[in-house]
Amino acid sequence: MKTVIEHMRSLCPISDETVEELMKCVTLCHFPKRYQLIQENRFCKYAYFIEKGMTRSFWLVDGEEITTSFSCEGGIVFSMDELYYQKKSEEFVETLEEVEAYRIALTDLIRLFETNLEFCNWGRVIHQNEYRRLHRSHKERLTLPAKERYEEFQKQFPYVCQRTNLGFIASYLGITLSTLSRIRSASDNNS
């Protein structure tokens, strides 16, 4: 869990005691590429700390997958609907690569948030960062042309640009695949 702990500690102070408490609650899991960790309209009961690999979150709207987020090494994925509202997930989370993750029961995650101040602070920071990402993404979709949205995406998620297919990126940006391909081609020709 080295990568996960390093990432946690890059966000806020986490003592060895808190790490030990967390380690008692997790189970190492391996998932193949394109495995659905979380499914729409189902209870999952777990969150996943990603040690190695990458995932994407998406909604299924009229049969079309709309990418909402990406997560990679050091990140955590879970159903917000289930964790906070005890409702079935409204989205899917699937692996984009082979993934090594540490699974934690949502009941243990909640207990750690409620009883461990360091862990609670870490949770606050990841939620602040996620809120900022969502806010920026929403603002960019409403105010920036497609080319500038892609440029901002490259700055914010350089690892995604190199590790996943363009269709998922286009979906996240709210543009067509052909538009993204033209943007990338023009960018490559200007380099």
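Glu130 is partly exposed, with a relative accessibility of 24%. Glu130 sits in helix α5, and its C-alpha atom is separated by 16 Å from that of Val160, which lies 30 residues away along the chain. The model described here is a predicted one.

**Pockets**

Glu130 is also one of the residues nearest the centre of the largest pocket, together with Ser69, Phe70, Arg133 and Leu134. In total, 38 residues line the largest pocket. Helix α5 supplies twelve residues, the largest share of this lining. At least two residues each come from α1, β4 (55-61), β5, β6 (76-77), α3 (80-85) and α5.

The second largest pocket is lined by residues that include Phe31, Tyr35, Arg42, Phe43, Cys44, Tyr46 and Tyr48. Strands β2 (36-38) and β3 each give at least two residues to this lining, and β2 gives the most, with three.

**Cavity**

The structure has one cavity of 30 Å³ or more. Its lining consists of Ser137, Glu140, Arg141, Arg149, Phe153, Gln156, Tyr172 and Leu173. The elements with two or more residues in this lining are α5 (117-143), α6 (146-156) and α8 (166-173).

The table sets out volume and lining class for the three spaces.

| Space | Volume | Lining by class |
|---|---|---|
| Largest pocket | about 1,200 Å³ | 16 nonpolar, 13 polar, nine charged residues |
| Second largest pocket | about 150 Å³ | eight nonpolar, two polar, one charged residue |
| Largest cavity | about 60 Å³ | three nonpolar, two polar, three charged residues |

**Nonpolar cores**

In soluble globular proteins, nonpolar side chains tend to be buried together. The largest nonpolar core in this model has 24 residues. Within this core, the residues with the most contacts are Leu22, Phe49, Ile104, Leu109, Phe119 and Trp122. Two or more core residues come from each of α1 (2-11), α2 (16-23), β3 (46-52), β8 (99-105), α4 (106-115) and α5. Helix α4 contributes four residues, the largest share.

Leaving aside residues up to four places away in sequence, Phe119 touches Met8, Thr18, Leu22, Phe49, Leu109, Leu112 and Phe113.

**Cysteines**

How many disulfides does the structure hold? There are zero. For Cys29, the closest cysteine sulfur is that of Cys44, and the distance of 10 Å is too far for a bond. A disulfide would need the two sulfur atoms within 2.5 Å. Cys29 is buried, at 12% relative accessibility. Cys161 is likewise in no disulfide, and the nearest cysteine sulfur, in Cys72, is 12 Å away. Cys161 counts as buried because its relative accessible area is 15%, and the cut-off for buried is under 20%.

**Ser71**

Is Ser71 buried or exposed? Ser71 is buried, with a relative accessibility of 10%. Ser71 belongs to strand β5 (residues 64-71). Apart from residues up to four places away in sequence, the contacts of Ser71 are Ile50, Gly53, Met54, Thr55, Ile76 and Val77.

Notes
Residues numbered from 1 in each chain as written. Predicted model: local features only at pLDDT ≥ 70, side-chain atom pairs only at ≥ 80, totals over all residues. Heavy atoms only, no water. 1 Å grid on protein atoms, 1.4 Å probe; cavity = no way out; pocket = protein on both sides within 12 Å on 5 of 7 lines; lining within 4 Å. Points joined across faces, edges and corners; volume = space filled by probe spheres on them. Nonpolar A, V, L, I, M, F, W, Y, C, P; charged D, E, K, R; others polar. Core = buried A, V, L, I, M, F, W, Y, C linked by side-chain atoms within 4.5 Å. Buried < 20%, exposed > 50% of the residue type's maximum accessible area, 1.4 Å probe, protein only. Contact = heavy atoms within 4.5 Å.
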